[in-house]
Structure formats: C-alpha cells, structure tokens
Amino acid sequence: MSSVELRKVDKHYAGYHALKAIDLEIEKGEFVVMVGPSGCGKSTLLKTIAGLETINSGQVMINGRDVTEEEPGDRGIAMVFQSYALYPHMTVAENMGFGLRMANRPKAEIDAAVKRAAQILRLEEQLDKRPKQLSGGQRQRVAIGRAITRSPEVFLFDEPLSNLDAALRTQMRVELSSLHGQLGSTMIYVTHDQVEAMTMADRIVVLNKGRIEQVGSPLELYANPANIFVAGFLGAPRMNFIEAKVVSADASGVSVAAAGLPAITLGDIDASGVSAGDAVTVGIRPEALHLVERTESGTPAFSGQVRLVEQLGHETVLYVDASPLQATNSDSGTGNFTLQLNKVSAIGVGAKLQVGFETGDAYLFGPDGRTLTPRKPVAST
Amino acid sequence: MYPRPIPENAKVQRALYLGGVTLVVILWLLPLLAVMLTSIRSNEELMAGNYWGWPQKFSLIENYKAVFEQTAMLRFFLNSLLITIPSVIGVLILSTLTGFVLSRYPFRGSNLIFALFVGGNFLPAQIMMIPVRDLMVRLGLYDTIYALVIFHIAFQTGFATLFMRNFIAALPGELFQAARAEGASPFQTLRHVVVPLVRPALAALAILVFTFVWNDYFWAIVLTQSDAVKPVTAGLNNLRGEWTSAWNIVSAATIFVALPPVVMFFMMQKHFVAGLTMGAVKG
C-alpha cells in the first residue's frame, strides 16, 4: 500500500492553474524530493497533501485513506516550514509538545515524546530556552522536533534549509538523511535546490508549471532526463544546449548541424519523430566536454576562447566562448559553453582551445523538447 | 525633512527653540497645575483670591477627606469602575474574536463587514443620542449601569476590531498554518497562539478604551439620571452644583477621578514588550 497517493489533483487560483491533474504514488518509508523553479507548484502540492490548501478536483490518499476532505490535524502528517514557524512565546519543550497538548494527551506521554525527539536532535540542553535564544540551525531542529513528537505517518518539509547558511545547510542535509534512516517514515521534501534533491532523495519529482515533468531516482533522472526541462534543471553546472537543425534522419541515425559545429550523427535514434529541417536541441553536460589536441574527423569538436575560469580545487570550471557556436540556457547566460574538468587546470583567461565530446554523451531533444536519444546506462551505486 | 535638527552651533536658534518649547509645555500643564494647587488650598484662601500664590496653609488631607466624607464621590467612583471594567473586558474579548476571524478566515462578505466596522468609526456617535436613549428606555435599561456598559461595548468594538484585525493580520502566516497542521482548532489557535502574541496590542487597547469610557461625560448624562448609577464624570458636575464655592474640594475630587487611567497605564506598561514575535520566523 502506498503511503501517499495523489489522484488527478487539480488546483486553480483566480485565473491561474497551479496544479494540473497531478498523479503521484509515494511508497511507505520513501524520501521523495519535489523540485522545480519558483512558481512551479511544488509548495502548493505539498500544502494540498498537508491539507492547508484545498483542491478543486482529485483525491489525496494517505495510507489508503481518502483524506481529501480532512483537516490537516487529522491526516497523520507533520509539516516543517521554511521559516520554522516556532511559537515565540513558548519554550522549546512547549513548542515540541504543542501538537500533543492540543490533542489533550496525558502529560507523561507528552514529556516522553519531547524527550525522545530532543535526544534524536541533540536538543536536550535547549529545552527550556525560547526560540529567539537559539541559532538558526537549532531553530530548524526544534521545528523538526515538533514534527517528530507527533509521530506522523508522513513528514512534509517545505524548503526547510533555505534560510540557513551554506555550511549549516550541508550539515542539516546529512542530519535529515540520517534522521530518515533512523525513523524510516515517509518524507516529502520540497526544494528548489537541485543539490538537496540529488543528495537526499530516493526519488525526485521534477515539477514545472503545475505539471510533473518526470519522476525517478536521482541518478536515473540525471542520466536519462525525459525532456529538455529536466535535463537543464538537474546538474550543476547546467547542461550546455546547442540549437541545431536536422540535416538528415533515417535508419542509420539523425544527423544534426549548427553554425560553428560540423554535422554530427547520433545513432540509435528513432528517426520517425523528426525530419530534415526540424529545429532540435543538442545537450551536452559540462563534464562530458573535454579538451582535445586538434580536431579529429569523426568526433565532434569546436574551438573557442576561455572567458572565465572558476577554480574549485578538485575541479575547474571553464566558460568558453565558441562563437559563432552558441550555447543556450547556459549558466553564464552569455552563450558561453561550460566545461568541467576534474582537476586543477593551468588554463587561463584568454587561452584558445579545442573542445570535443563523444557523440554517445550527447542528448538530442526534439522540437517539442522530449528526449530522443536512447537510454543511457545509469552509474551503479 | 521635518523636523530638521537645529545645528549645535546655532546658539540663538537653539535658545529660541528651547524657550518656545518650555512656554508650550507650561501652557499645556497650567490647567493641571492649577487644579493640583487648588486641591491643597483652604477655602478661605480661595475666597481671599490667592489662586496662584504659594499656599499659606496646606489643606491636602482635609480636602481629600472632605471628598470622601461630604460627597458621593466614592459611590460615583464605584459606578465608574462597574461601568468601565466590564466595558473594557467586553471590548477586548469581542474585538479579539472579530479581529481573528476577519484577518485569518476570509468568507463571503467578510470585507464588507470589516468595512462596516471601519466606516462606523467615521460617524459621530452623538448623532445617535436620541435613538440610543429611546432604545435603552424601551429595553428598560435607561438609568442603569447596563445601559452604559452595552453602549460602550457596542461603540468601541468598531475601532477595536480594526485595531486587532490589523495586529493579528501582521503575525506571520506560517504560525497559523503550523498550528493548523498540528491539529489545533481555530479556538485553540486563538487561545494558545494569537492571544499570547497580541498581548501588547491588548494592553494598548485596554488603556485606550479604559480612558475613553472612564472619561466619557456625554453618554453618562444621556443614559443616566440618578446618583446611584452616575459615573464620576457626571458626578463631578453634581459636585459643582452642590459646592459652588468649594473649589478646593472639587479640585481634590478631580485629581482623585483622574488617577485610575494613570494607574491603568502603569499596570499595562509591562505588557508592552518590544519584539514579542522575534524568533518565530527568520528575518
């Protein structure tokens, strides 16, 4: 039995279609991350599961029970908010026991639940303090503790780490993952940060404009994005896209060309979807681009000049101007290509170099944005 | 921008400014000073025309004793408390309820209701003098304490609702969502989350309403007649009739009457805690 099931969930605001017939099944104990750009509907979707937002049509099931008409408090969920939403006039212990107190549970039970949660989150020393005496990370842990004490069937997290600074965010990410392992509860986590999505999720749900673009394991989505949106959203630095034209499409493969890039042939593609002259997009991840000595015939390559170098220690990111060849949707936003080298590189700004890639690493997206290239193997974990 | 600070080195302007401020403050406090001074003077001295000079004889104790022994001020004072305290409590309860609903539970027509509450404040209440008096007569409440309590609660709740609604609306929305997600009913949310957080607003409102109701004279004389129900404001007027020449006693009674709002202010002051919602949400 699935832990959370959404059936054709539809949500309209005045003149705005926020959620479009969302279907989703989440297994018991799964850690599901919903990710997407701002305004994609991910927070709205989380709130419909919580019951804080009503839906116009469809059904929300939790543990096989239809909870569409139920109040949030009756659904067996607990939510952690981006702003923590702690009650400032209560101590940490009172905050964490609030839900149980509202349900008129015996004091001994509340105390035990608060103590257990405080132990898990290492908050024993802070129980008598007020939220304003705590640091950001501690406050977020109290908010999580408040969720734990109610022992919910489903935890809902609404961008819980986005108010923390970078170092704390990494630490909390690890803590949340281990908390999930410890509790084994179903967790649904909303973020716009694709690093959080990649590192924490059992499955990622990519949302865009109120629709689910793709659902799958992080590495599956990374290796086999269903469309250009998912390909561009997951991965940092982002994938390089080249707008190209189909030269020929037949049983041997699809041949594409762009200004500044000689025709390349991508094999194993079902050519029925495209025909010569179609506008398509070639995608290539920054780590799949590499430096070549000289242009060899057969492997695609282009020449360019380095505009910017980012040294990260273990890797180097190069932004390369390859005009007339333009990368669209790139991180730099200037039409430069992004290259990621897994080492320190002595290449400086202004250096001229040759960039190549394997045709097997390239993705081809059709005129409608769908991925045309065949499945790539997912790196085994 | 106004008010612009006067530069340190503009000595003349500074002196003029200081002189002006002092003058205004003295003018402002003069009536109060006169009442205070008169309240400790003997009647003979007043008859002799010593209004502003240093009192030759201090009759502080005698005058204030006279207020309690020779006048019905204690009765009026009690009436005022019986009118004011229930009015304040009633207004606070009703406006917290209306403010909570109007700020957090929008329903069809809620904006219209809110507009009525706000708009009602713009009407001068005095135009209702005759209807309100008639209503109270027909209800059999005329010349009772209830008439004033009901009237003040009804007429103060409009402004108080505006005040509370805006204050509650300014609380972080996620607090309410969190409470709801944790299974708190609207009433539990009101009691355990809203009321503790709007304490400063309630204290401020309590002072405002208390002062207004306590100082009300107009409705006191419109809705009451007998000494048994008259509040202090109307009672003071009685005093003037009976003791036309005893201004020292009237002044002493006036000071006595003016004390409760001051006491109220100091009682409520500790609830004005700045940054009460700090720590609820980031930023």
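Reader: Is A:Lys209 buried, exposed or partly exposed?
Author: In this predicted model, A:Lys209 counts as partly exposed, because 15 C-beta neighbours lie inside 10 Å, and a residue would need 20 or more to be called buried or 12 or fewer to be called exposed.

Reader: And where in chain A is A:Lys209 found?
Author: A:Lys209 is in the loop between strand S9 (203–208) and strand S10 (211–216) of chain A, and its phi is near 50 degrees, a positive value in a residue other than glycine.

Reader: Why is A:Asn104 called exposed?
Author: A:Asn104 is called exposed because 8 other C-beta atoms are within 10 Å, and the limit for that label is 12 or fewer.

Reader: New topic: which residues touch the most other members in the largest nonpolar core?
Author: Those are A:Met34, A:Leu156 and A:Ile188, in a core of 151 residues, to which helix H7 (residues 145–169) of chain B gives the most, with 12 residues.

Reader: What is A:Met34 in contact with, leaving aside neighbours within four places in sequence?
Author: The contacts of A:Met34 include A:Ile188, A:Val190, A:Val205 and A:Leu207, and A:Lys42 is also among them.

Key. Residues numbered from 1 in each chain as written. Chains lettered and ligands numbered in written order. Predicted model: local features only at pLDDT ≥ 70, side-chain atom pairs only at ≥ 80, totals over all residues. Core = buried A, V, L, I, M, F, W, Y, C linked by C-beta atoms within 7 Å. Helix = DSSP H or I, 4+ residues; strand = E, 2+ residues; numbered from the N terminus. Contact = placed C-beta atoms within 7 Å.
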